[in-house]
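Subject: Structure for you to look at

Hi,

Here is the structure, together with its sequence. Please open it first, then read my notes below.

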Amino acid sequence: MFKKGFVLLISILALASFNAKAKVSSTNPMSPRQIVEADYRNNQNYGLSLLTGGAVDVVEKANRAGFYINYDILDKHLLRPVAHAYVKLPQWTQTGVGNFLSNLNDGISTVDNLFVLRFKDSSVSLSRFALNSTVGLLGLFDVATAFGIEKAQMDMGTVFGLWGQNQGPFLMIPAYGPSTARDLQGDSIDNIPYMFVPSYITISKFVISAIHSRAQLISQEGVVDNSFDPYIQTRDVYLMYREGKVNKDIGTTQESESIDDSFLDEIDN
């Protein structure tokens with residue numbers, strides 16, 4: 001257990017150090033050559049196009065390989081068929097699974113809201129977690145919403161964004177999906193509690209979560225399937241959604257046209 005915790009801590013610190021140093025350029029490429037060259041020496045996007053939230057696709061070839069594994073192999077031959085079978089289960093079963101997973105997120109939000117001094121939202125998340133975990137039978141029933149206690153979701157990736165951190169390098173990780181350096185840091189921290197439970201419980205949770213989340217995307221499969229470049233479509237939608245959560249929390253809006261909200265809500269799970 002100590003070894004796992006030490007490795008995770010080192011990984012988080014390494015990611016934080018890398019992303020903190022990864023400055024991005026705002027210099028117009030048409031500026032005088034001396035200015036452009038000086039600017040490029042002081043940032044790490046190396047002239048790559050800046051994407052939403054200051055993200056850069058530094059390793060596009062590797063990302064496309066990861067996308068091929070995820071989309072053309074794992075999703076096509078495994079996750080998609082399982083998701084289509086899952087939606088044939090009784091609706092109350094699917095609702096219960098979704099409520100259970102959402103309840104776990106309320107527990108995480110309780111802590112994460114404190115990092116941005118949102119004490120009210122933290123208490124709301126705690127109230128939801130406590131009520132649904134007890135009266136709601138471990139979160140299978142969303143009793144809190146029935147009582148008018150709405151969600152106040154927060155994750156560490158969004159926390160870092162609110163602290164002013166750019167999204168950093170975009171990553172398409174095999175069997176994990178789209179992410180960024182910022183979100184990978186955040187996910188590593190949010191998943192620390194799962195280090196203290198048996199491995200089979202952790203694995204079961206992530207497998208069930210992946211199947212449930214993928215099932216919610218069935219109606220949106222055409223968004224990727226029919227796009228000119230599925231990789232670019234997935235990358236840009238993910239980045240817009242993740243930065244949109246940050247903008248929403250600081251009082252600004254960032255909308256993406258022709259993208260269904262349910263697709264945005266599930267693509268980063």
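Predicted model: local features only at pLDDT ≥ 70, side-chain atom pairs only at ≥ 80, totals over all residues.

Helix 5 itself runs over residues 119–134, 16 residues in total. From first C-alpha to last it reaches 22 Å, close to the 22 Å expected at 1.5 Å a residue.

L138 sits in the loop between helix 5 and helix 6. Is L138 buried or exposed? It is exposed, with a relative accessible area of 57%; the cut-off for exposed is over 50%. Leaving out residues up to four places away in sequence, L138 touches F100, N103, N132 and S133. L138 and L101 are 37 residues apart in sequence, and their C-alpha atoms are 9.9 Å apart in space.

**Helix 3 against helix 9**

Helix 3 (residues 60–86) packs on helix 9 (residues 199–215) at an angle of about 75°, with the axes 8 Å apart. That makes the two helices roughly perpendicular. Helix 3 contributes D75, L79, R80, V82, A83 and Y86 to the contact, and helix 9 contributes A210, I211, H212, R214 and A215. By class, the contact has seven nonpolar, one polar and three charged residues.

Best wishes

Key. Residues numbered from 1 in each chain as written. Heavy atoms only, no water. Helix = DSSP H or I, 4+ residues; strand = E, 2+ residues; numbered from the N terminus. Expected span 1.5 Å × (residues − 1). Buried < 20%, exposed > 50% of the residue type's maximum accessible area, 1.4 Å probe, protein only. Contact = heavy atoms within 4.5 Å. Axes fitted to C-alpha atoms, helices over the stretch in contact; angles between N-to-C directions. Parallel < 35°, antiparallel > 145°, perpendicular 65-115°, else oblique. Nonpolar A, V, L, I, M, F, W, Y, C, P; charged D, E, K, R; others polar.
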